[in-house]
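Please open the model in a viewer and keep the selection panel at hand. The stops below are given in the order in which they may be selected.

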Amino acid sequence: MSDFNAADHRFMAEALRLAEQGLYTTEPNPRVGCVVVKDGEIAGRGFHRKAGEAHAEVLALKEAGSDAKGATLYVTLEPCSHQGKTPPCADAVIAAGIKRVVAAMGDPNPKVAGQGFEKLKRAGITVLSGLMEPQASALNPGFISRMTRGRPWVRSKLAVSLDGRTALASGQSKWISGDAAREDVHRWRARSSVVLTGIGTILADDPNFSVRLAGEWRQPVKVVVDTNLSTPPNAKLLQQNAEQVYFATAVDDPEEQEAILNTGASIQVFPEKRGFMDLKAILESLVELECNEVLVEAGAGMNGALLEAGLLDEFIIYIVPCLMGDTARGMFSLPPLASLQERRELVITDMRMIGNDLRVMLRPK
């Protein structure tokens, strides 16, 4: 028999809905929602809005006030037990007199990792975990990846014709997808810590990879993999907020770096691996910047290299109802397969129409 009843599911669903409101703002912290329930009614709600501000539990407890005493607290992630930019949430839960805590999942952060639950149990609070855990994990794939794998969660965004082509042979690709799909891409950028691209895309399209949506939005850091430091200093992405642009290169000569550094951008030198940039090392270096989610907006070369290295976690593919012919460019530069058994299988996790285009979400099998 399950430890959870129908009411538990209903209140956790509300906590998850609240957590989702922090989708674009909580970086580098996880998205967390919380509700305090007394006598079958919600007495307090809260979600974490921004790093450095109050956590979801503290906000929900504040709203609940004296009704928190003897109540049940539903939270999408284990209450923290350590002093960060804010005091430990577990202490606030204990001080409020909460009787029962229901959490969707434990905190993968080694600084917490079960210690929050233990602190609550020692205070005599009933603690249950695991309710709607897949939904809670889906809100924070980047935070979980950074804490458990030492690298961000990596998504690749591709817009392709019905015959799987991303650009003409000349490199022209603006615009394959429709307005609605392009707006959807801006939302994926907005929730990402980093947009990762390659020198080929910079030279072909001169993009700036900014979030262009109505209202105020946090802009992602831009990381350019540029082996020979060939990016022109007047490139669009260096004309605004250049201090948010990082170059991963093999060029270690201060004179060759000077023009890029003068724009305000940063450069980090990585060793080449079999003649190519070490993409794994580049992604792992982003942990120092507390990056959770990376959106790859690049060509077939980089996408192929990431796929070959096993570094792509998810694909966002916009399939556009048009045909571009067999001389147009494909999605991934990969070595030829000797047999069908060598094919890379993917699992479709979501399909929906975005305007006139079909958006397919996939993950490696």
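Leaving aside its neighbours within four places in sequence, with which residues is E57 in contact? Select E57 and display heavy atoms within 4.5 Å, the cut-off for a contact. Beyond those neighbours, E57 is in contact with C34, L73, V75, L77, E78, P79, C80, C89 and V93. This is a predicted model, in which local features need pLDDT of at least 70 and side-chain atom pairs count only at pLDDT 80 or more, while totals for chains, interfaces and linings use all residues. Residues are numbered from 1 along each chain as its sequence is written, and side-chain values use heavy atoms, with hydrogens and water left out.

E57 lies in helix 2 (residues 56-64); helices (H or I, at least four residues) and strands (E, at least two) are DSSP runs numbered from the N terminus. E57 is buried but has no salt bridge, and R49, the nearest side chain of opposite charge, is 11 Å away. Buried denotes under 20% relative accessible area, exposed over 50%, and partly exposed in between, with a 1.4 Å probe and protein chains only. A salt bridge requires a side-chain nitrogen of Lys or Arg within 4 Å of a carboxyl oxygen of Asp or Glu; Lys and Arg count as positive and Asp and Glu as negative, whereas His and the chain ends are not counted.

Next, select M12, V36, L73, V93, I98 and V101, which touch the most other members of the largest nonpolar core, a set of 43 residues. Helix 1 (residues 6-20) gives the most to this core, with six residues. Such a core joins buried Ala, Val, Leu, Ile, Met, Phe, Trp, Tyr and Cys residues through side-chain atoms within 4.5 Å.

Proceed to strand 13 (residues 293-296), where E293 and L295 on one side and V294 and V296 on the other are all buried. Strand 13 pairs in the parallel sense with strand 6 (residues 153-161) over four bridges and with strand 7 (residues 194-198) over three bridges; pairing requires at least two DSSP bridges.
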